[in-house]
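Here is a friendly note to read with the model open beside you. Please take the points one at a time and find each residue as you go.

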Amino acid sequence: MAAEEATGVTGGDAEDADEEFAELYERLARPFDVISTVAALLGLTPIATSQFVGSATARSPEAARLIATMPATVRALATSVQSRNERCVGELRGPVLWSATMSARASSFGDEGLFVCATPSRAYDVEENQVLVAALHSIARGARDASNHMKAPVADLLLDLTRQAGSEASRWLDHPTIADIPRQRAGARAIRRTRSGKHRRTYEPALAMLARAADPVTAAEVAPWRDQRTRAQHHVLIGVVRRLEREGRQLPPFRVERGSLFAGPVQYHHARWLGDRDTVSGITIGRLLVDVPTRLHDPDRVRAEAELAARGGGRPTRAILQESDIDAAIDQAIELARIRTKVTS
């Protein structure tokens, strides 16, 4: 029997592993912080995760569509009419503000040809354009995150495409019509009014980009970043969740706290999170710590159990080398919970 067959917890074939990861990703409590959540799933550092997420945001189809439609968008921007006070000499450009006019004449030696008028002007700082600016800024910010912490120039096609998208977004942000609009997050009211307003077709690409920025990576985009041991851990994690729910224990969605995933009594902590070597890593079910072997293709159960117990911090442990071990782990965790209940009651 091959070593891979002996362990039996490598996550199955690629299609099964992707389906399991898609289920795990769907079980995440939403909304969630993308950087911390993806880092907890993959064991990547926040810096590496922000680079990955930033690149995915800036290279997304929604980003490409928004940038491609910008030439037409800037010619059809929503505007409002605002009045500003203007000193006019010998002419009237709007309604006369007599109080301001008399004050201006008093400081101008009584010039009777001087008027202060409320001059109408076109204003671009409206909610629809705030949405547009926020969408463009999300592309520029994603490209910046993808390029941050690069110690030397990197020749990479994807990174070049990311930087190009960020440069295009920044160029449009400097367009005279929207350059003075603050770069800030678009509020729910602005998004709602833009979606239902008469200019909604013009701003639809910006709305789609904001939706993508709020949920920038899909399970299919995250899955290829997992190494084989991480895939095996996710396989065990989903196996634990499915078995518990088959027994009638409905688990809540996974949430992220301190670099770990939590769902009721189940916790998953990736060993590489922030280079952490002190926190107990693996999957805990109540008090029981379970994990796949450090050497994934090593069928030596004694060695796997000893290594897991050494980093278990004195808690009960069980190494998972084959599918039947997951069922045994569930039974052991339930028994440990019963014993604890009896002791405390």
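The points below cover the ground rules, the cores, the pocket, the cysteines and the cavities.

1. **Ground rules.** This is a predicted model, in which local features need pLDDT of at least 70 and side-chain atom pairs count only at pLDDT 80 or more, while totals for chains, interfaces and linings use all residues. Residues are numbered from 1 along each chain as its sequence is written, and side-chain values use heavy atoms, with hydrogens and water left out.

2. **The cores.** A nonpolar core is a set of buried Ala, Val, Leu, Ile, Met, Phe, Trp, Tyr and Cys residues joined through side-chain atoms within 4.5 Å. Buried means under 20% relative accessible area, exposed over 50%, and partly exposed in between (1.4 Å probe, protein chains only). The largest core has 43 residues, and Tyr 25, Val 217 and Phe 254 touch the most other members. Helix H12 (residues 228-246) gives the most to this core, with 7 residues; helices are DSSP runs of H or I, at least four residues, numbered from the N terminus. A second, separate core holds 31 residues, including Val 74 and Val 131.

3. **The largest pocket.** On a 1 Å grid over the protein atoms alone, a pocket is an open set of points with protein on both sides within 12 Å along at least five of seven lines, a cavity is a set where a 1.4 Å probe fits but cannot get out, and lining residues have an atom within 4 Å of a point. The largest pocket has about 690 Å³ of space, counted as the space filled by probe spheres set on the points, which are joined across faces, edges and corners. Among its 25 lining residues, Ser 138, Arg 141, Leu 210, Ala 213 and Ala 214 lie nearest the centre. Helix H7 gives the most to this lining, with 6 residues.

4. **The cysteines.** The structure holds 0 disulfides.

5. **The cavities.** There are 2 cavities of 30 Å³ or more. The largest has a volume of about 40 Å³, and helix H13 (residues 301-310) supplies the largest share of its lining, 3 residues. The second largest cavity holds about 30 Å³ of space.

How values were computed: Helices (H or I, at least four residues) and strands (E, at least two) are DSSP runs, numbered from the N terminus. A disulfide is a pair of cysteine sulfur atoms within 2.5 Å.
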